[in-house]
Amino acid sequence: MGNFFDSFAEFWDLYVQSMRETGIMVVYSLVISAAIGLLLGIVLVVTRPGHIYANPIVYQVMNIIINVLRSLPFIILMVAIIPFTKWVVGTTIGVKGAIVPLVVYTAPYLARLLESALLEVDRGVIEAFQSMGATHRQIITRVLLREARPSLVLGLTIGTISLVGASAMAGVVGAGGLGDVAIRYGYQRWEPNVMITCVLLLILWVQIVQSLGTAIAKRLRKR
């Protein structure tokens, strides 16, 4: 146990830096992915057969694209889009180079989660608003998004946890963060205490995110 705490003190600055890098990757990727995922989720819902903007062609095309992107493991996707990443941010390494593949990986996943959340809204509520003359835009903003808020929050929580795991995998290609520290020090230099610490810090990340997401969703349900 003493060796563990000695190792923790020795690598303290490294852990602080890696937590900061992980936080930057997760926050930036989550904001962009959530915006794209919510937009895609809304389009998937409203263009499906029988909905307010029913369009089988748009729905099927988007459905296929999202399924294809979701079927790719993150590590393969990250390597496959290296030219695109370099074109967008000018680099393929470091925190900046990790954000693009993280967004491409997470956005379709969030789109599915948010689509499921929006589909939970009772069609009777939508029809009631339509009968009162609500426009399609009002149905999206005042019915779908408002009624699905707790489920949307839980979907974003699950997506964030997945994003934390993906950010750790990005460490394999030198993206920084806890995954990079675990690979370079814990695995390549065979420092078991560093590996254990990185695992514990990732678990802490997940616990904080899950607790916050659950608490927010619970509060929204009471309103």
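Visitor: Where does Gly176 lie?
Guide: Gly176 sits in the loop between H9 and H10. The model is a predicted one.

Visitor: Why is Gly176 called buried?
Guide: Its relative accessibility is 7%. Buried means under 20% relative accessible area, so Gly176 counts as buried.

Visitor: What does Gly176 touch, not counting residues up to four places away in sequence?
Guide: Glu21, Met25, Ser167 and Gly171. Glu21 is 155 residues from Gly176 along the chain, and their C-alpha atoms are separated by 6.3 Å.

Visitor: What is the secondary structure of the protein chain?
Guide: The protein chain has eleven helices and zero strands. The C-alpha atoms fill a box of roughly 70 × 45 × 25 Å along the principal axes. Of the 223 residues, 42% are buried. Among contacts between residues at least 6 apart in sequence, 73% join residues at least 24 apart.

Visitor: How many aromatic pairs are found in the whole structure?
Guide: The search finds two.

Visitor: Why is the pair of Phe74 and Tyr105 called edge-to-face?
Guide: The ring centres of Phe74 and Tyr105 are 5.2 Å apart, and a pair needs centres within 6.5 Å. The planes stand at 65 degrees; over 60 counts as edge-to-face, so the name applies.

Visitor: Why is the pair of Phe84 and Trp87 called tilted?
Guide: The centres of Phe84 and Trp87 are 6.1 Å apart, which is within the 6.5 Å limit for a pair. The angle between the planes is 35 degrees; under 30 would be stacked and over 60 edge-to-face, so the pair is tilted.

Visitor: How far apart are Phe84 and Trp87 in helix H5?
Guide: They are three residues apart in helix H5 (residues 82-89), which means a separation of about one helical turn.

Visitor: Which residues have the most contacts inside the largest nonpolar core?
Guide: Leu102 and Cys198, in a core of 24 residues. The elements that give two or more residues to this core are helix H2 (12-46), H4, H6, helix H9 (149-169), helix H10 (177-187) and helix H11 (192-222). Cys198 touches Tyr15, Leu178, Val181 and Ala182, not counting residues up to four places away in sequence.

Visitor: Which residues does the second, separate core include?
Guide: Among its 16 residues are Ile52, Leu118, Val121 and Leu152.

Visitor: How much of the accessible surface belongs to carbon and sulfur atoms?
Guide: The figure is 65% of about 12,200 Å². As for charges, the mean positions of the 18 positive and 11 negative ones are 11 Å apart.

How values were computed
Residues numbered from 1 in each chain as written. Predicted model: local features only at pLDDT ≥ 70, side-chain atom pairs only at ≥ 80, totals over all residues. Heavy atoms only, no water. Helix = DSSP H or I, 4+ residues; strand = E, 2+ residues; numbered from the N terminus. Buried < 20%, exposed > 50% of the residue type's maximum accessible area, 1.4 Å probe, protein only. Contact = heavy atoms within 4.5 Å. Areas by Shrake-Rupley, 256 points an atom, 1.4 Å probe, with all protein chains shown as cover. Lys, Arg positive; Asp, Glu negative; His and termini not counted. Charge placed at Lys NZ, Arg CZ, Asp CG, Glu CD. Phe/Tyr/Trp six-rings, centres within 6.5 Å; stacked < 30°, edge-to-face > 60°. Core = buried A, V, L, I, M, F, W, Y, C linked by side-chain atoms within 4.5 Å.
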